[in-house]
Number of protein chains: 2
Amino acid sequence: MADEDRPDLEDMTVQELLTEMKDISEVIVDLAYASLMYNSRAMASKVNELEDEMEELKYAMRVKALLAARTKEDARELSGILQIASAADRISHAAGEIVDLLDVPPEKRPFITNLINESDEKIRMVRVSQGSDMAGNTIAKLGVEANTGMKIIAMKNRYGWIYDPDDDVKIRAGDDLIVRGTEDGGNRLADFASGRIPWEFDEEASDE
Amino acid sequence: MADEDRPDLEDMTVQELLTEMKDISEVIVDLAYASLMYNSRAMASKVNELEDEMEELKYAMRVKALLAARTKEDARELSGILQIASAADRISHAAGEIVDLLDVPPEKRPFITNLINESDEKIRMVRVSQGSDMAGNTIAKLGVEANTGMKIIAMKNRYGWIYDPDDDVKIRAGDDLIVRGTEDGGNRLADFASGRIPWEFDEEASDE
């Protein structure tokens with residue numbers, strides 16, 4: 001989902017546009033909650049950027065769908081695709097509504113922290129320390145989500161923030177990971193990140 | 001989130017109502033995609049039920065918020081809460097839009113399967129076999145999400161379907177789990193479920 005991986009909207013197929021929209025819809029709400037949780041304008045403006053990107057994708061998809069519909073069959077399939085696109089777009093606007101709350105001072109929105117702490121899925125920040133096996137490995141090599149159940153929503157490294165990082169991103173000591181998942185999974189990841197327990201590498205996992 | 005755990009709407013605090021809405025918003029979209037993927041009317045009607053429940057929660061919350069606002073401070077906080085509630089509600093309607101596609105015959109919506117297969121997060125079904133360590137254990141004891149990264153969206157056992165199962169639900173041989181997560185996590189879970197590899201139980205995990 002990183003920008004550099006994405007071809008021009010013009011060159012993308014309807015299916016590719018739709019997949020991109022679904023991927024954004026899956027990360028944008030988490031990112032919105034995380035921005036409130038960490039009172040981060042940087043994250044909130046990424047949410048707004050993704051919201052704009054979603055609009056562009058929706059527009060590009062409509063144009064493509066109209067051009068592609070030749071038969072009644074086509075039209076039926078394409079109208080289904082537009083329905084999914086509209087759902088993804090709705091979700092991104094929901095995320096936009098959530099980040100609007102950043103204008104309320106943090107002490108006036110304690111319910112956000114409570115909300116996230118009481119939800120089935122928690123959001124937390126974990127710092128990778130020098131002694132952790134995670135340091136120096138890519139997200140793919142570690143298989144962070146498969147091994148801990150925690151999805152990395154965003155990370156902060158020495159270069160700045162990365163949102164919804166790709167699998168080939170390398171984790172380094174000192175990086176802060178904003179993750180989402182169960183409480184147990186979060187504790188497990190915190191143990192790995194602090195170096196308290198060694199990472200269990202999958203034998204079949206490759207670095208690429 | 002299972003119904004029997006929920007007190008009457010009247011007895012719930014604004015924060016509890018909000019948490020319930022957030023939890024529903026997190027599972028309803030996955031469930032909507034899963035219903036299309038498995039062409040399941042049963043799952044789709046659960047989505048519609050959750051959508052209705054969301055409406056009731058939103059209504060109950062508005063009434064409570066209006067009664068609770070005494071000062072300007074209160075009003076400010078409560079208006080923030082209503083903003084989050086509105087975001088959760090939007091998401092549930094997005095899920096409703098997705099399941100409407102069930103009226104299109106499966107052969108006319110191949111893009112759904114492609115979409116889910118090409119997304120960062122996949123949805124798949126896994127059957128638990130007789131020889132699996134998973135059989136006879138609760139979701140909590142196994143720590144399914146923390147150990148495999150896969151979230152159980154729904155499961156089908158001998159009694160029928162369970163949606164967003166609670167942690168104390170026991171998994172039995174023959175159960176079908178509909179799960180969401182990365183491809184690697186799904187493969188790992190399939191290995192456990194088939195009994196090909198033994199489950200790695202956490203020492204500290206308890207059965208309750």
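Predicted model: local features only at pLDDT ≥ 70, side-chain atom pairs only at ≥ 80, totals over all residues.
Residues are numbered from 1 along each chain as its sequence is written, and chains are lettered from A, and ligands numbered from 1, in the order in which they are written.

Chain A contains seven helices and six strands, where helices (H or I, at least four residues) and strands (E, at least two) are DSSP runs numbered from the N terminus. Along the sequence these elements follow the pattern α-α-α-α-β-β-α-α-β-β-β-β-α, and the C-alpha atoms of chain A fill a box of roughly 60 × 50 × 30 Å along the principal axes. Of the 208 residues in chain A, 45% are buried; a residue is called buried if 20 or more other C-beta atoms lie within 10 Å of its own, exposed if 12 or fewer do, and partly exposed in between, with C-beta atoms placed from the backbone. Two residues are taken to be in contact if their C-beta atoms, again placed from the backbone, lie within 7 Å. Among the contacts in chain A between residues at least 6 apart in sequence, 78% join residues at least 24 apart.

The domain assignment, whose bounds come from an automatic or database source, divides chain A into domain 1 (3–108) and domain 2 (120–194). The centres of domain 1 and domain 2 of chain A, taken over C-alpha atoms, are separated by 24 Å, and the contact takes 11 residues from domain 1 and 10 residues from domain 2. On the domain 1 side, helix H1 (14–37) and helix H2 (41–68) of chain A each supply at least two residues, with H1(A) giving the most, six residues. This side of domain 1 comprises eight nonpolar, no polar and three charged residues, under a scheme in which Ala, Val, Leu, Ile, Met, Phe, Trp, Tyr, Cys and Pro count as nonpolar, Asp, Glu, Lys and Arg as charged, and the others, Gly among them, as polar.

Strand E6 (residues 176–181) of chain A is mostly covered, five of its six residues being buried. Two strands are said to pair if DSSP finds at least two bridges between them. E6(A) pairs in the antiparallel sense with strand E1 (residues 122–127) of chain A over six bridges, and Leu177(A) in E6(A) is the bridge partner of Val126(A). E6(A) also pairs in the antiparallel sense with strand E3 (residues 151–157) of chain A, over five bridges, and here Ile152(A) stands opposite Val179(A) in E6(A).

At the interface, 44 residues of chain B are in contact with 44 residues of chain A. The elements that give two or more residues to the chain B side are helix H1 (14–37), helix H3 (72–99), H4, helix H6 (144–148) and helix H7 (183–194) of chain B, and the largest share, 14 residues, comes from H3(B). By class, this side has 13 nonpolar, 15 polar and 16 charged residues. Because 100% of the interface residues of chain B are also interface residues in chain A, the copies meet through the same surface.

With residues up to four places away in sequence left out, Ile98(A) touches Ala32(A), Tyr33(A) and Leu36(A), together with Ile84(B) and Ala87(B).

Ile112(B), located in helix H4 (residues 110–118) of chain B, counts as buried because it has 21 C-beta neighbours inside 10 Å. Not counting residues up to four places away in sequence, Ile112(B) touches Leu36(B) and Met37(B); Met37(B) is 75 residues from Ile112(B) in sequence and 6.8 Å from it in space, C-alpha to C-alpha.
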